Amino acid sequence: MEGDQVEKMVLTKNGRKTAVDKECDGEENKSVESKVYMDYNATTPMAPEVIQTVTEAMHEAWGNPSSSYTAGRKAKEIINKARESLARMVGGRPQDIIFTSGGTEANNLVIHTALRHFRESQVLGQDGPGEDHKRAAGATPHFITSNVEHDSVRLPLEHLVKEHMAEATFVPVSKITGQVEVDDTIAAIRPTTCLVSIMLANNETGVIMPISELSQRIQILNQNRMALGLPRILMHTDAAQMIGKGRVDGQDLGVDYLTIVGHKFYAPRIGALYVRGPGVTTPLHPMLFGGGQERNFRPGTENTPMIAGLGKAAELVNKNCEDYEAHMKEVRDYLEERLEASFGKQRLHLNSQFPGAKRLCNTCNFSVWGPGLQGQMVLSHCKTLLASVGAACHSEKGDQPSSILLSCGIPYEVAQNALRLSVGRDTTKEDVDVIVEDLKQSVAQLEQNRVT
């Protein structure tokens with residue numbers, strides 16, 4: 001380990017972390033410092049009810065879910081119950097839910113499916129009518145996504161392009177709204193387009209994308225494409241950031257696929273994919289082959305305890321989502337008020353506020369204007385705040401400003417100073433007061449160091 005001390009963190013229910021510094025000889029330092037966690041868009045702790053459910057499943061449902069003995073039957077019952085809870089959470093049917101290891105696998109599964117479905121459609125429709133069909137036949141499949149997507153969508157597509165297996169269009173978001181514009185996405189569609197994948201809400205700005213309107217437009221296009229013998233355009237949204245912070249309904253959104261990520265809504269690090277009629281209404285092709293679990297769409301002995309926890313977390317969302325959303329919005333709004341009061345409207349830039357765009361109830365992305373106030377520097381001088389400058393998976397980029405913010409039109413020098421604070425279900429206004437004071441102290445210290 002680097003340095004002379006090791007910091008042991010314990011996350012409590014209200015989102016505070018207690019840090020106990022230990023000397024290298026193992027003796028506890030007498031100073032105990034309370035931390036306030038505000039990085040819930042990166043990950044959430046498991047809810048106490050979820051931990052209890054996982055623990056019970058480990059004790060009582062350790063059997064193989066495909067087995068007929070008691071522990072196996074119990075495991076199967078738990079999995080079925082969890083599937084029902086997730087289906088209710090996203091407005092689907094139990095048979096529409098496929099359990100995966102997480103959001104990355106779910107997103108890759110959708111891309112893999114679209115690629116294979118395009119190829120099969122080409123073989124089946126070789127004698128299709130029309131000039132458009134002739135242009136599509138034997139061509140390279142085309143994908144559409146945005147330029148602010150998570151790496152688990154962006155990188156697979158970039159890999160396919162590099163290997164000459166696909167073409168991809170990364171539609172830029174509007175620098176006015178921060179959203180992917182529906183007209184721009186529709187304009188990017190080609191005869192060879194097989195999938196449109198746009199996230200439901202951005203993890204850095206919190207901006208909510210117009211998925212329902214986009215799906216409606218694509219459904220109309222698909223009717224015309226069918227008459228021309230062109231491949232159907234499949235529609236996918238990664239709902240990782242939206243679940244637990246607002247209503248999510250796959251039917252209302254009009255999507256074929258919807259990604260569910262457990263550790264974003266107080267569940268274990270496991271995921272699921274909503275598929276509208278998998279294998280019947282909507283194609284789904286496995287990436288793995290094995291024992292036939294999940295109707296062969298995702299084989300492998302089911303991770304019963306984690307699935308149980310995912311189901312319990314979904315139950316909590318089903319019961320309490322409106323309350324969660326109202327509380328987080330109240331605390332987020334209070335946070336932004338306190339930041340403006342502390343730093344002044346002239347110095348504070350709220351990077352997550354775009355005119356005409358809706359955003360997540362819990363997300364505040366902001367910059368304090370001034371030289372030497374890069375986000376990482378400000379965080380490094382904070383004593384209580386635990387947060388990030390953006391997506392956790394990009395944290396190794398250091399002082400480089402977020403490409404997401406730059407894509408949204410945030411000026412370089414502003415984006416360089418950005419911090420993302422995302423509040424949770426148990427974050428309080430008292431927590432906000434503590435971290436705003438911490439930020440003021442950090443900024444003042446950096447400015448004083450610059451002067452001296």
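This is a predicted model: local features need pLDDT of at least 70, side-chain atom pairs count only at pLDDT 80 or more; totals for chains, interfaces and linings use all residues.
Local features need pLDDT of at least 70 and side-chain atom pairs count only at pLDDT 80 or more, whereas totals for chains, interfaces and linings use all residues. Residues are numbered from 1 along each chain as its sequence is written, and side-chain values use heavy atoms, with hydrogens and water left out.

**View 1. Helix H1 against helix H9.** The axes of H1 (residues 48-60) and H9 come within 8 Å and cross at roughly 150°. H1 is therefore roughly antiparallel to H9, and their crossing is right-handed. H1 contributes Glu49, Val50, Thr53, Val54, Ala57 and Met58 to the contact, and H9 contributes Pro305, Met306, Ala308, Gly309, Lys312, Ala313 and Leu316. By class, nine nonpolar, two polar and two charged residues take part. Helices (H or I, at least four residues) and strands (E, at least two) are DSSP runs numbered from the N terminus. Axes are lines fitted to C-alpha atoms, for helices over the stretch in contact, and angles run from 0 to 180 degrees between N-to-C directions. Angles under 35 degrees count as roughly parallel, over 145 as roughly antiparallel, 65 to 115 as roughly perpendicular and the rest as oblique. Contact means heavy atoms within 4.5 Å.

**View 2. Helix H2 against helix H9.** H2 (residues 70-89) packs on H9 at an angle of about 35°, with the axes 8 Å apart. The crossing is left-handed (the near helix is turned anticlockwise from the far one by less than a right angle; clockwise gives right-handed). From H2 come Ala75, Ile78, Ile79, Lys81, Ala82, Ser85, Leu86, Arg88 and Met89, and among the H9 partners are Thr304, Ile307, Ala308 and Leu310. The contact comprises 11 nonpolar, four polar and three charged residues. Ala, Val, Leu, Ile, Met, Phe, Trp, Tyr, Cys and Pro count as nonpolar, Asp, Glu, Lys and Arg as charged, and the others, Gly among them, as polar.

**View 3. Helix H9 against helix H13.** H9 (residues 304-343) and H13 (residues 429-451) have axes that come within 10 Å and cross at roughly 30°. H9 is thus roughly parallel to H13; the crossing is right-handed. Residues in contact include Glu330, Val331, Tyr334 and Leu335 of H9, and Lys429, Val432, Asp433 and Ile435 of H13. The classes are 10 nonpolar, one polar and six charged.

**View 4. The largest pocket.** About 350 Å³ of space lies in this pocket. Its lining has 24 residues, with His150, Ala240, Val261, His263 and Lys264 nearest the centre. Helix H3 (103-124) and strand S9 (257-261) each supply at least two lining residues; H3 gives the most, with three. The lining divides into nine nonpolar, 11 polar and four charged residues. On a 1 Å grid over the protein atoms alone, a pocket is an open set of points with protein on both sides within 12 Å along at least five of seven lines, a cavity is a set where a 1.4 Å probe fits but cannot get out, and lining residues have an atom within 4 Å of a point.

**View 5. The second largest cavity.** Three cavities of 30 Å³ or more are found in the whole structure. The second largest cavity holds about 50 Å³ of space (a volume is the space filled by probe spheres set on the points, which are joined across faces, edges and corners). Of its 13 lining residues, Lys245, Lys264, Tyr266, Met328 and Arg425 lie nearest the centre.
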